[in-house]
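Hello,

I am handing over the structure we discussed. Please look it over before reading my notes.

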Amino acid sequence: MALWDDLGGDAVMGPLLRDFYARVAESPIARLFPSDLEQTFVRQFAFQSEFWGGPARYTPLRGHPRLRARHLPFPIRVEDAEEWLSCMRAAVAASGMIADQREQFIERMRQIAMAMVNTY
Ligand code: HEM
């Protein structure tokens, strides 16, 4: 499994996730999110860092991830997960992440996104 540093660490993932939420804000799934995405960005950055074996920033901030449970208040359909992924694909494409890591990163995000679907 790729590690945080292989993905480019803070220097790549910070700007990538900022760009991701800028795209989310302009997408049809924006309606699910708070209008100010700053805290969402901070939590996502902390999660990704911990998930990929970088600094464990999420647990001290928010506790156990329980990602599916945390997403249950939001009705997420397959189309919403696809939209989330398309924002993430675009952000990866525009990022400094090295080409070799991109496919694996996206695939892992795809798996998690599909696990968040809770509305059919
Ligand atoms: C499938 C489409 C998805 C939708 C529509 C979605 C939507 C949301 C929404 C509305 C929030 C609440 C915003 C906030 O608390 O500031 C949220 C929080 C969060 N999402 Fe997602 N999400 C999706 C997929 C994912 C995926 C794939 C991941 C991880 C790779 C993820 C990680 C997180 C994290 C870490 C938080 C913050 C949780 C917290 O600490 O409260 N989400 N998401």
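This is a predicted model: local features need pLDDT of at least 70, side-chain atom pairs count only at pLDDT 80 or more; totals for chains, interfaces and linings use all residues.

Core. The largest nonpolar core has 20 residues. Those touching the most other members are L16, F20, W84, C87, M88, A91 and V92. At least two core residues come from each of α2 (9-25), α3 (38-51), α6 (78-93) and α7 (99-115), and α6 supplies the largest share, six residues. In general, nonpolar side chains in soluble globular proteins tend to be buried together. Apart from its neighbours within four places in sequence, A91 is in contact with L16, D19, F20 and R23.

Ligand. The shell around the ligand holds 22 residues, and T40, R43, F47, A81 and W84 are the closest. Two or more shell residues come from each of α3, α5 (67-71), α6 and α7. The biggest contribution is from α3, which gives five residues. Sorted by class, the shell has 14 nonpolar, four polar and four charged residues. W84 is listed both among the closest residues to the ligand and among the core residues that touch the most other members.

Backbone. R66 has a positive phi, near 40 degrees, although R66 is not a glycine. This residue sits in the loop between α4 (58-62) and α5. Is R66 buried or exposed? R66 counts as exposed, because 10 C-beta neighbours lie inside 10 Å and the cut-off for exposed is 12 or fewer.

Regards

Notes
Residues are numbered from 1 along each chain as its sequence is written. A nonpolar core is a set of buried Ala, Val, Leu, Ile, Met, Phe, Trp, Tyr and Cys residues joined through C-beta atoms within 7 Å. Helices (H or I, at least four residues) and strands (E, at least two) are DSSP runs, numbered from the N terminus. Two residues are in contact if their C-beta atoms, placed from the backbone, lie within 7 Å. A residue is near a molecule or strand if its C-beta atom, placed from the backbone, lies within 6 Å of it. Ala, Val, Leu, Ile, Met, Phe, Trp, Tyr, Cys and Pro count as nonpolar, Asp, Glu, Lys and Arg as charged, and the others, Gly among them, as polar.
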